[in-house]
Amino acid sequence: MIISRPIASLQVSSTDFQCALTEQSFTLQWIHSVEKELWQERYQTANQQLLLTTSHFKTFGAGTPSIEGAITSKDGWLHYQIDRLLPRINWIISRNVESTLLTKLGVWPLFKDFNDYAEIQIQVMQVPRWHYFTQESCDDYFERP
C-alpha cells in the first residue's frame with residue numbers, strides 16, 4: 001500500500017519532541033565557546049544521510065580544520081569545503097552559544113525552544129508516508145525575515 005511505503009524525511013528530534021524539516025539543506029550556527037565568534041556548518045541531504053558541505057568561521061582556533069579545503073573569500077569569513085557524509089548530528093543545545101538552525105524559511109533559535117543542555121538529533125529517517133504527512137512540521141518554529 002502506497003500510504004505505508006517509507007519516505008526519507010529530515011527529522012529534528014529529542015527525547016520528547018520530533019518534527020520534520022521540509023527544506024533539504026540547512027545551516028547549523030553557534031558562537032564558539034573559546035573564540036566567541038560565529039561558526040556555521042552547512043548541510044544537505046544526500047544518500048539517506050547528511051552531507052556536511054562547508055564550514056564557515058571568523059577566526060582560527062580550537063577545532064578549526066586544517067588549511068586543506070580552504071575556499072577564497074572576501075567576506076571576512078574563513079570558508080572550508082568539507083564534503084563529509086554523516087549518519088546524524090547529535091547536538092547539545094546551549095543558550096551560551098546560541099544554537100540556531102538557518103534555512104531558506106528563516107531562523108530557528110533552538111536555544112529558545114529547548115532547555116540548556118538538551119540533546120537533539122538531526123538525521124534523515126525513513127518514515128511511513130502517512131506519518132510524514134501527519135507529523136508536526138519544523139517550519140512553524142522558524143522566525144521569518
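User: Does Tyr117 count as buried or exposed, and what is the relative accessibility of Tyr117?

Analyst: This is a predicted model. Exposed means over 50% relative accessible area. At 57% relative accessibility, Tyr117 counts as exposed.

User: Where does Tyr117 lie?

Analyst: Tyr117 is found in the loop between helix 1 (110-113) and strand 11 (119-128).

User: Where does Asn47 lie, and is Asn47 buried or exposed?

Analyst: Asn47 sits in the loop that joins strand 4 (38-46) to strand 5 (49-57). With a relative accessible area of 64%, Asn47 is exposed.

User: How many helices and strands does the protein chain have, and in what order do the elements run?

Analyst: The protein chain has two helices and 11 strands. Reading from the N terminus, the order is β-β-β-β-β-β-β-β-β-β-α-β-α.

User: What share of the residues of the protein chain counts as buried?

Analyst: Buried means under 20% relative accessible area. By that criterion, 43% of the 145 residues of the protein chain are buried. The accessible surface of the chain comes to about 8,300 Å², and carbon and sulfur atoms hold 52% of this area.

User: What share of the contacts with a separation of 6 or more joins residues 24 or more positions apart?

Analyst: Such residues account for 60% of those contacts in the protein chain.

Terms used
Residues are numbered from 1 along each chain as its sequence is written. This is a predicted model: local features need pLDDT of at least 70, side-chain atom pairs count only at pLDDT 80 or more; totals for chains, interfaces and linings use all residues. Side-chain values use heavy atoms; hydrogens and water are left out. Helices (H or I, at least four residues) and strands (E, at least two) are DSSP runs, numbered from the N terminus. Buried means under 20% relative accessible area, exposed over 50%, partly exposed in between (1.4 Å probe, protein chains only). Contact means heavy atoms within 4.5 Å. Accessible areas come from the Shrake-Rupley method with a 1.4 Å probe; for residues, only the protein chains shown count as cover.
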